[in-house]
Amino acid sequence: MSKIGFIGLGNMGLPMARNLVAAGHQVSAFDRVETACAEAKAAGINICPNNGEVARDAEFIITMLPNGPIVLSVFEEILPAATKGAIIIDCSTVDVSSSKKAHDMATSAGLGCLDAPVSGGVGGATAGTLTFMVGGKKQTYDKALPILDIMGGKVVHCGDGGAGQSAKICNNMLLGISMIGAGEAFALAEKLGLDQKALFDVISTSSGFCWSVNTYCPVPGVGPQSPADNDYKPGFAGTLMLKDLKLSQQAAEETGAATPMGRKATQFYQQFVDDGFGNTDFSGAINTLKSMKRDT
Ligand code: NAD
């Protein structure tokens with residue numbers, strides 16, 4: 001049994017913390033939202049008065065927060081209180097620069113640090129089947145692996161500090177692009193009078209196969225169950241896709257990488273969110289495409 005501190009009990013953090021309790025660990029936590037703390041308390045999680053108290057005595061401190069600036073401010077609160085040798089695991093999705101800064105801060109304070117963003121959404125967090133993409137020292141990773149294994153179905157060590165965030169934004173940039181591609185293919189098929197199910201049967205067994213078609217088809221009634229079959233309720237909301245695409249463009253800007261399709265996908269999902277679909281699943285992009293004119 002380990003003493004685990006958990007900060008950020010939102011859509012993802014609370015179910016992750018619950019799984020740690022269910023596995024027999026002693027979990028102390030804080031969230032600035034009182035209702036989140038109350039839900040966690042009901043699940044057997046000890047609630048602390050602030051982030052610093054969460055860190056005190058913890059062997060592992062897990063953060064699951066909205067963005068880089070918040071992660072860095074929380075690190076400032078927890079580093080002075082944490083025990084030397086403790087390991088901070090930041091599971092938030094943040095920009096690579098903030099993640100590297102967080103690693104530097106933790107290392108200077110004598111703590112281990114991993115960036116460990118996830119894929120799999122709220123469903124994966126609840127089921128304990130998240131994919132973790134981890135950056136940080138191998139020996140720190142080895143110590144944290146049994147904890148990550150409780151919350152995840154797959155854990156990949158991607159490299160040094162920041163490598164987990166790098167992997168996450170590359171994956172999600174590809175996902176954003178491929179979902180638009182899938183939407184375009186089915187929208188064109190409709191104009192051609194081609195049956196959507198027939199196109200699915202072809203693509204899913206041909207060279208166009210991809211997760212966006214085979215597992216998460218944006219057309220209702222076609223392929224395995226997906227948000228399209230549930231009126232495009234998320235799933236993975238448009239705002240979250242836009243967030244990750246923006247992080248990819250920030251990283252591309254900082255490194256000078258050419259990502260023309262990533263840039264287009266970012267512009268597309270910005271419009272999707274501006275049009276009021278931010279809380280719709282990102283696969284709803286197909287409906288935007290169907291409503292667009294040829295020259296847009
Ligand atoms: P969320 O907004 O539901 O939860 C974030 C929590 O952090 C909130 O409860 C908030 O009150 C808390 N918080 C913010 N500032 C704080 C502070 N200073 N101290 C303590 N608590 C604070 O977000 P989420 O959906 O749980 O996502 C968390 C992270 O996981 C994000 O970085 C997101 O990009 C990433 N992510 C989300 C999903 C998803 O499907 N929701 C999937 C993969 C990755």
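The structure is a predicted model, in which local features need pLDDT of at least 70 and side-chain atom pairs count only at pLDDT 80 or more, while totals for chains, interfaces and linings use all residues. Residues are numbered from 1 along each chain as its sequence is written, and side-chain values use heavy atoms, with hydrogens and water left out.

One is 2.8 Å from a polar backbone atom of L65, and a backbone N or O atom of N11 lies 2.9 Å from an oxygen atom of the ligand. At N51 a polar side-chain atom is placed 3.2 Å from a nitrogen atom of the ligand.

The protein is divided into domain 1 (3-161) and domain 2 (166-291), with bounds that come from an automatic or database domain assignment. The C-alpha centres of the two domains are 29 Å apart. Contact, meaning heavy atoms within 4.5 Å, joins 11 residues of domain 1 to 9 residues of domain 2. The size of an interface is often given as the accessible area lost when the parts come together. Here the buried area (accessible area for a 1.4 Å probe that two parts lose on being put together, summed over both) is about 810 Å², with 59% of it on carbon and sulfur atoms.

Across this interface, 4 residue pairs are in polar contact, both residues being at pLDDT 80 or more. A polar contact is a pair of N or O atoms within 3.5 Å; within protein, one must be able to donate a hydrogen and the other to accept it, and residues adjacent in sequence count only if both atoms are side-chain atoms. On the side of domain 1 that touches domain 2, α5 (96-108) and β7 (118-119) each supply at least two residues; helices (H or I, at least four residues) and strands (E, at least two) are DSSP runs, numbered from the N terminus.

The count of salt bridges (a side-chain nitrogen of Lys or Arg within 4 Å of a carboxyl oxygen of Asp or Glu) is 0 between domain 1 and domain 2, whereas the structure holds 5. R18 belongs to helix α1 (residues 13-22) and E39 to helix α2 (residues 34-42), so that the pair links distant parts of the chain, 21 residues apart.

The loop between α10 (211-214) and α11 (238-255) contains G235, and the peptide bond from P234 to G235 is cis, with omega near 15°. D231 is in the loop between α10 and α11 as well. Phi of D231 is near 55°, a positive value in a residue other than glycine.
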